[in-house]
Amino acid sequence: MKRSYHGYLYVIVYLMILRIVLNITAHISIFNFGIIFDLVLMMFWIGAIAFLLKRIVIQKVFYIFSAVISTIFVIGDSIYYDYFGIISAKTSFAGIRFLSEGQTLEYDISIPLVGYIVLPILILVIYLIISNKKKDVFVFRDFAILSTIFIVQVGLFLFWGSYEYDTKVEYYRSDAFLFETMHDRALFSEKYGYYNYHILDFTRLRPQPDVAELKQEIDEYFALKENHQVNDMSDVYEGYNLITILAESLDVRFIDETLTPNLYMMKEDGYVFDDFYTTVYQQGATCNSEFMSLTGLNATSSNDWSNNVCDAYSENYFPYALPNQLADIGYNTYYFHSGYKWFYNRETIIPNYGFETVKFQEDIIAAGYDDFNEHFDTNMLDFFDEYVTYDAPFYINLLTYSGHGAYNQTDFDIYLDRVN
């Protein structure tokens, strides 16, 4: 039987065109081994499946399905990258519920220009597949070289996943850590393939951690720590009320004696801590910073749908978080945010820190403050008027937008000419 690979080649060429599109929209470089991995992977699996499909109609349906699904992922990732700076993961589909609930006010979502470029090419490919009158015929031995390369890939994956490192720091900086955790989705796609990333993300089974073993490791760690020594600062603020403010995008350069007198007074007369470390996050920086400030724990990056701890660990309970500890000694605890409660899943995780009263923009507006404006930090006082009681010491955490930029490019650039 004579070989015929027309439909197969149409799909493979189209998938590689999509990889070039990703280079433009999501900065996933094509000048890396990842594109070779992708080429071999898709040639192998699409060819192998098409080889098993005996009827021409089913074969064509499979080709068209492969092209359409790949297009959806590439255009979807182009949009996702535009707003979050990363490409999507399997868990990203949890965010679709926000679309169904109409909770997209923070974003000006639109199809990127590249989507309008890709769609005509997709239509052309579908037309070529449908108009092809001959069934693709594969000779099994034609896959011998391709299969050999694919086996080499699998061998590399097994090697990367099992290599031992002398220290954890070496491991965290290694390609093995990137491969096992897929923590940087774009870099993973560059090195190991974009299509490979999504296939692994949907199919990889991750072992469940041994909770008892982890608890024992933590107990042993704290058992070796010295007990806290009482010093001049111990209990110096006992009984005082406490207010913490997470001011988004606030830089000390903008704290001025005239423009921001209260902040200036706090900075000049209060305690300033210069010895701190904050990780750079691909996404969810506010949520992760808030997590660290309240729990004292490092917010390790996750491959959850939005790549931040508010989604990855929202169901956890944090007994040693600051609000929980203050609540245990009789403080009333309050959490106020001028933004939306659904954003970063705060309505779920915030009470687990120990906040008894948790209120957001929706709550203060529903309480009758129709003129509440999320962009004015002074309007945060509305929460005090409505919800705070002063019959016991209180702890209040304020999350303000402060100097936060806009969530869509139109508003973000509104003063661009003045900035320039």
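This is a predicted model: local features need pLDDT of at least 70, side-chain atom pairs count only at pLDDT 80 or more; totals for chains, interfaces and linings use all residues.
Entry 1: With 30 Å³ or more as the cut-off, I recorded one cavity.

**Entry 2: lining.** I then asked which residues line the largest cavity. I noted Gly 7, Gln 59, Lys 60, Tyr 63, Ile 129, Asn 132, Lys 134 and Asp 136. Helix H3, spanning residues 56-84, gives the most to this lining, with three residues.

**Entry 3: disulfide.** I turned next to the cysteines and counted one disulfide. Cys 287 and Cys 310 form it, and I read a distance of 1.8 Å between their sulfur atoms. A disulfide is a covalent bond between the sulfur atoms of two cysteines. I also checked the handedness of the link between Cys 287 and Cys 310: it is right-handed, with 115° about the S-S bond.

**Entry 4: what the link joins.** I asked in which helices Cys 287 and Cys 310 lie. Cys 287 belongs to helix H13 (residues 285-295) and Cys 310 to helix H14 (residues 309-312), so the pair ties together parts that are 23 residues apart in sequence.

**Entry 5: accessibility.** Are the two cysteines buried or exposed? I found a relative accessible area of 0% for Cys 287, which is therefore buried. The cut-off I applied for buried was under 20% relative accessible area.

Note on methods: Residues are numbered from 1 along each chain as its sequence is written. Side-chain values use heavy atoms; hydrogens and water are left out. A disulfide is a pair of cysteine sulfur atoms within 2.5 Å. Helices (H or I, at least four residues) and strands (E, at least two) are DSSP runs, numbered from the N terminus. Buried means under 20% relative accessible area, exposed over 50%, partly exposed in between (1.4 Å probe, protein chains only). On a 1 Å grid over the protein atoms alone, a cavity is a set of points where a 1.4 Å probe fits but cannot get out, and a pocket is an open set with protein on both sides within 12 Å along at least five of seven lines; lining residues have an atom within 4 Å of a point. Grid points are joined across faces, edges and corners, and a volume is the space filled by probe spheres set on the points.
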